[in-house]
Amino acid sequence: MFERTSPQLVADITSSEVLLTGGCAELYGLDKFFAEALGLEVRVVPHPNLCVAKGACVALNKMHILDNYGYSFKTKEDVRIR
């Protein structure tokens, strides 16, 4: 993963910690496994299974910001989904 990551992002990750999110983050010992493999501090966020839903909520509430960066959102009618 680090081989395909920008040097700036790798520097940020190695100077802080890795946060595990998603349902699999709750697998027993996964945080310790990654900590040993990466040599970094790894922790599981509170309620990791809700991170995607919370992130989607934030994104939907701030879609106007994404519009400023050129993201284009379409309705299902715009893309003709049947």
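1. The structure holds one salt bridge, a term used here for a side-chain nitrogen of Lys or Arg within 4 Å of a carboxyl oxygen of Asp or Glu. The side chains that meet in it are those of Arg-43 and Glu-17, at 3.0 Å from N to O. Because Arg-43 lies in strand S2 and Glu-17 in strand S1, the pair ties together parts that are 26 residues apart in sequence. Arg-43 is partly exposed at 37% relative accessible area, and Glu-17 is partly exposed as well, at 27% (buried means under 20%, exposed over 50%, and partly exposed in between, with a 1.4 Å probe and protein chains only).

2. On the basis of these values: this is a predicted model, in which local features need pLDDT of at least 70 and side-chain atom pairs count only at pLDDT 80 or more, while totals for chains, interfaces and linings use all residues. Residues are numbered from 1 along each chain as its sequence is written, and side-chain values use heavy atoms, with hydrogens and water left out.

3. The secondary structure of the protein chain comes to four helices and two strands, in the order α-β-α-β-α-α along the sequence; helices (H or I, at least four residues) and strands (E, at least two) are DSSP runs numbered from the N terminus. Strands S1 and S2 (residues 41-44) run parallel and are joined by four bridges, where pairing requires that DSSP finds at least two bridges between the strands. Arg-43 of S2 is also the bridge partner of Leu-19.

4. In a regular strand the side chains alternate between the two faces of the sheet. Strand S1 (residues 17-20) has Val-18 and Leu-20 on its covered face, with Glu-17 and Leu-19 on the uncovered one.

5. As for the overall dimensions, the protein chain has a radius of gyration of 17 Å, whereas a compact globule of 82 residues would have one near 12 Å; the radius is taken over C-alpha atoms, and the globule rule is 2.2 Å times the number of residues to the power 0.38. The C-alpha atoms fill a box of roughly 50 × 30 × 25 Å along the principal axes, and 13% of the 82 residues count as buried.

6. One backbone angle deserves a check: His-47, although not a glycine, has a positive phi of about 55 degrees. His-47 is placed in the loop between S2 and helix H3 (51-61), and is exposed, with a relative accessible area of 54%.

7. Tyr-69, found in the segment after helix H4 (63-68), counts as exposed at 66% relative accessibility.
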